[in-house]
Amino acid sequence: MAELKETYACVPSTERGRGILISGDSKSNSILYCNGRSVIIRYLDRPLQVAVYGEHGYQATVARYSPNGEWIASADVSGTVRIWGTHNDFVLKKEFRVLSGRIDDLQWSPDGMRIVACGDGKGKSLVRTFMWDSGTNVGEFDGHSRRVLSCAFKPTRPFRIATCGEDFLVNFYEGPPFKFKLSHREHSNFVNCLRFSPDGSKLITVSSDKKGIIYDAKTGDIIGELSSEDGHKGSIYAVSWSPDSKQVLTVSADKSAKVWDISDDGKGTVKKTLASPGSGGVEDMLVGCLWQNDYLVTVSLGGTISIFSASDLEKPPMSFSGHMKNVNSLAVLRSDPKIILTSSYDGLIVKWIQGIGYSGKLERKVNSQIKCFAVVEGEIVSCAFDNKIWRVSLLGDQCGDANSIDVGNQPNDLSLALNSPELILVSIETGVILLRGTKVLSTINLGFTVTASAISPDGTEAIVGGQDGKLHLYSITGDSFSEEVVLEKHRGAITVIRYSPDVSMFASADVNREAVVWDRASREVKLKNMLYHTARINCLAWSPDNTMVATGSLDTCVIIYDISKPASYRITIKGAHLGGVYGLAFTDEHSIVSSGEDACVRVWGITPQ
């Protein structure tokens, strides 16, 4: 049996020059955000407890709790809204095709009976309100000519709906059934976000023209604006009201968040400017915010989530981050198996500690992309799309000096000789390259297309897998290779080869969903019929005591085999990562870490059957 112990969640997908929407439920103190096709539910007071909803067929854009907290409505770029329950495995209630393009915002009515959604509808309607159970339209929404970025439902009677967007307009509709009432064009740039105050008395809009305007919620008249002294110096992307309707939180491209006091007559003055933690680069621009109970949540363009305390604004925030893109490689430190390093191809390396979670990003001096990486004592070795192999020294939480070596070809795979980590075997399409330190010892053309390789810990033997599914064993003396034997069993290109920790066995896997465990001395097949995946195998890991081997595949599953039993006695983790599993490692005999396309990292506990 395998059970999920911990999830290290991904961060919200962000986009330069656009705000993003995070929302929450004040009763359970959880927040919702989207990354790829997933909707993430995480709890502000319990960072390791994360739930993921992955049923959207397209990239999800926004999700919101219903007023009673029982349902969540989430929308995606195809214009579909799905309504699902927060309990019982996220049972689907309804699915509606609402707009013909991307949905940018949606909001529940205060009685939970209607939903308003807005976005980009190719030439057709840009805003729709519908009954949550039947999907029937409630009113007509004319008056916008371009993409509508935000919409809001007035929380008290008489009901109003306000919308704003890329045509610089703020429109009011009254109903139900809703019909156009009036329009304002006070902003001189995109209007990014609008929100009614919780007591239903005011509405605020914020825009890329650095202004915020406050309206009377019932009549729609302008009553004031956010003061320009000490105001934002960049586009304001999002705004959120305090629960008592007396303050708002805004975030901006000028990398700061501000808390404003809103007077009864609609004037806004800055109470406190919250500086965002970070180096001050582009990725520190703030694009999303939420005021929930006593928490102020801000999200930066790089995905860092910072949580401030509303009652004590001087207190430094709690920040956590993670990956935004596919986590394509993962390593566990041999000296301290509780420390996990993961990398995604955008060049981000994140350090996690089992039991604690996020422990910081590793800042490298040169931020190159990463295709695969390996970790040995105090050093990270990575290869990327620029034909270079990087060796970066690792000092605690920071990266030290980096040395690179240009191998002249695109590396597919790299393997370290663990007992003499100076030695690296790099596979390229035509053959392999042997490196010592940052010097090329030899480049060997093997005469077949290479797809994977591994070097033994003592550096005397190499196994090279080809496009034709054959495994070639070579003995290495100095810098020369001599072929010992060719093993034929696989029926597809080899994707990964790994030696067992005691080097008595090795395992290989292919694109044709098969894995094989071999005995190293006799070169016979030790465990066969490992054919339980339904798509190509991306990664493979051995347990530290050499008794188990695990495979992770594009079919979203992780399968753990016991070497001493037939392959049918397997443990399967179904749906480990939406979109496929790309990284796998054991931290000890009873736990395994996996990472994948959904940008999350998960720790599983294994109990033998």
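The model is predicted, so local features are given only where pLDDT is at least 70 and side-chain atom pairs only at pLDDT 80 or more, while totals for chains, interfaces and linings use all residues. Residues are numbered from 1 along each chain as its sequence is written, and side-chain values use heavy atoms, with hydrogens and water left out.

**An open sheet**

Helices (H or I, at least four residues) and strands (E, at least two) are DSSP runs, numbered from the N terminus. Two strands pair if DSSP finds at least two bridges between them. Four strands form an open, antiparallel sheet in the order β2-β3-β4-β5. Strands β2 (23–25) and β5 (46–53) stand at its edges with a single partner strand each, so one side of each has no neighbour in the sheet. From one strand to the next, the twist averages 30°; the angle is taken between N-to-C directions, on a scale from 0 to 180 degrees, using axes that are lines fitted to C-alpha atoms. Within the sheet, β3 and β4 (residues 38–43) run antiparallel and are joined by six bridges. Leucine 32 stands opposite isoleucine 41 in β4.

Arginine 42 also belongs to β4. Buried means under 20% relative accessible area, exposed over 50%, and partly exposed in between (1.4 Å probe, protein chains only). Arginine 42 counts as buried because its relative accessibility is 6%. Its C-alpha atom is 6.7 Å from that of leucine 32, ten residues away in sequence. A polar contact is a pair of N or O atoms within 3.5 Å; within protein, one must be able to donate a hydrogen and the other to accept it, and residues adjacent in sequence count only if both atoms are side-chain atoms.

| Side-chain pair | Polar contact |
|---|---|
| Arginine 42 and tyrosine 33 | 3.1 Å |
| Serine 456 and aspartate 458 | 2.7 Å |

**The largest nonpolar core**

A nonpolar core is a set of buried Ala, Val, Leu, Ile, Met, Phe, Trp, Tyr and Cys residues joined through side-chain atoms within 4.5 Å. The largest one has 22 residues, of which Ile22, Tyr33, Ile40, Val297 and Ile305 touch the most other members. Two or more residues of this core come from each of β3 (30–35), β25 (286–292), β26 (295–300) and β27 (305–309). Contact means heavy atoms within 4.5 Å. Beyond its neighbours within four places in sequence, isoleucine 22 is in contact with Leu32, Tyr33, Cys289, Leu290, Val297 and Val299.

**Two further buried residues**

Serine 456 lies in the loop between β41 (450–455) and β42 (461–466). With a relative accessible area of 0%, serine 456 is buried. Not counting residues up to four places away in sequence, serine 456 touches Ala417, Glu461, Tyr499 and Arg520.

Valine 558 is in strand β51 (residues 558–562), and its relative accessibility of 1% makes it buried. Its contacts, leaving aside neighbours within four places in sequence, include Thr551, Ile571 and Leu584. Glycine 575 is 17 residues from valine 558 along the chain, and their C-alpha atoms are 8.1 Å apart.

Residues 184–225 are 0% helix and 52% strand, with end C-alpha atoms 14 Å apart. Residues 530–571 are 0% helix and 48% strand, with end C-alpha atoms 12 Å apart.
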